[in-house]
Amino acid sequence: MLHKARTALAAILALGALTTTACSGGGTAQTASGIPLVNEGSLTVCSNVPFEPFEYVGDDGEYTGFDMDLSREIAAGMGLELEVQNASFDGLQSGTVLAANQCDMIAAAVTITPEREKNMAFSDPYYDSLQSLLVPADSAAKSLEDMAGKKIGIQQGTTGETYARDNAPADAEVIAYQTDAELFQALQAGNIDAVLQDLPVNLAHTDGDAFTIAAKYATGESYGLAMRKAGSEDLVKEVNSQLSTMRENGKYTEIYDKYFTE
């Protein structure tokens, strides 16, 4: 569990990281069933892009990925359009963007943890994930223990950071980056020796076998879609209902296979 103090300045910076126009409406709009929404007619989702294969911008310039397709299907099931806002992961995992009514839901490969549950309400788990260690193909490293005296890159605020700081050798240097894009660029440039983060994301960064997964770590992590802690009870129920329907009618499997089955 992360033990990082959050200052007012950090909260302001997190909100400032939103790269699309802030929503208006302040949660006063409603669905036909009376569920409060930030914007009328839309399910507004905050995410952290890129984090392939969960959320990224496709060749057509549209938001795509496992989380985005699930969210789009949930919105359609509710009779709504999907609106996506890009935000810093700190602003997401702390729940700041929800508290500020920037969005109705967070879809950003967010692991359900007791600390996060203090600030946000989560849907039923929709994805189980492993942590992993990504290294250059010519690296001799086979485990975290082999990272002694080396530099390990992580994305700030993630459970990968927690795992690295809790389990890496004492003389390993854990270096935090704001985004997955910055993290992988640092590995490509040789500024770090390895990346520790969620397995599906690292698999997307093997870069034609230039990099390889040295180790996998079962941590019992599950992702959830996050909503406001108070006042989102009906939305949570509706999202869970949509997820259940998708599992029953095969749509979940269809989307899963699109991103995780070769």
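Predicted model: local features only at pLDDT ≥ 70, side-chain atom pairs only at ≥ 80, totals over all residues.
Residues are numbered from 1 along each chain as its sequence is written, and side-chain values use heavy atoms, leaving out hydrogens and water.

Some totals for the chain, to start:

| Feature | Value |
|---|---|
| Helices and strands | 10 helices, 14 strands |
| Buried residues | 52% of the 262 residues |
| Accessible surface | about 11800 Å², 48% of it from carbon and sulfur atoms |

Helices (H or I, at least four residues) and strands (E, at least two) are DSSP runs. Buried means under 20% relative accessible area, with a 1.4 Å probe and protein chains only.

Now the helix pair. The axes of helix 9 (residues 233-249) and helix 10 (residues 251-260) come within 4 Å, crossing at roughly 80 degrees. That makes helix 9 roughly perpendicular (65 to 115 degrees) to helix 10. From helix 9, Met246, Arg247 and Asn249 meet Lys251, Tyr252 and Ile255 of helix 10, a contact being heavy atoms within 4.5 Å. Sorted by class, this contact of helix 9 with helix 10 has three nonpolar, one polar and two charged residues.

Finally, Gln93 sits in helix 3 (residues 89-93). Its relative accessibility is 7%, so Gln93 counts as buried.

Technical notes:
Buried < 20%, exposed > 50% of the residue type's maximum accessible area, 1.4 Å probe, protein only. Axes fitted to C-alpha atoms, helices over the stretch in contact; angles between N-to-C directions. Parallel < 35°, antiparallel > 145°, perpendicular 65-115°, else oblique. Nonpolar A, V, L, I, M, F, W, Y, C, P; charged D, E, K, R; others polar. Areas by Shrake-Rupley, 256 points an atom, 1.4 Å probe, with all protein chains shown as cover.
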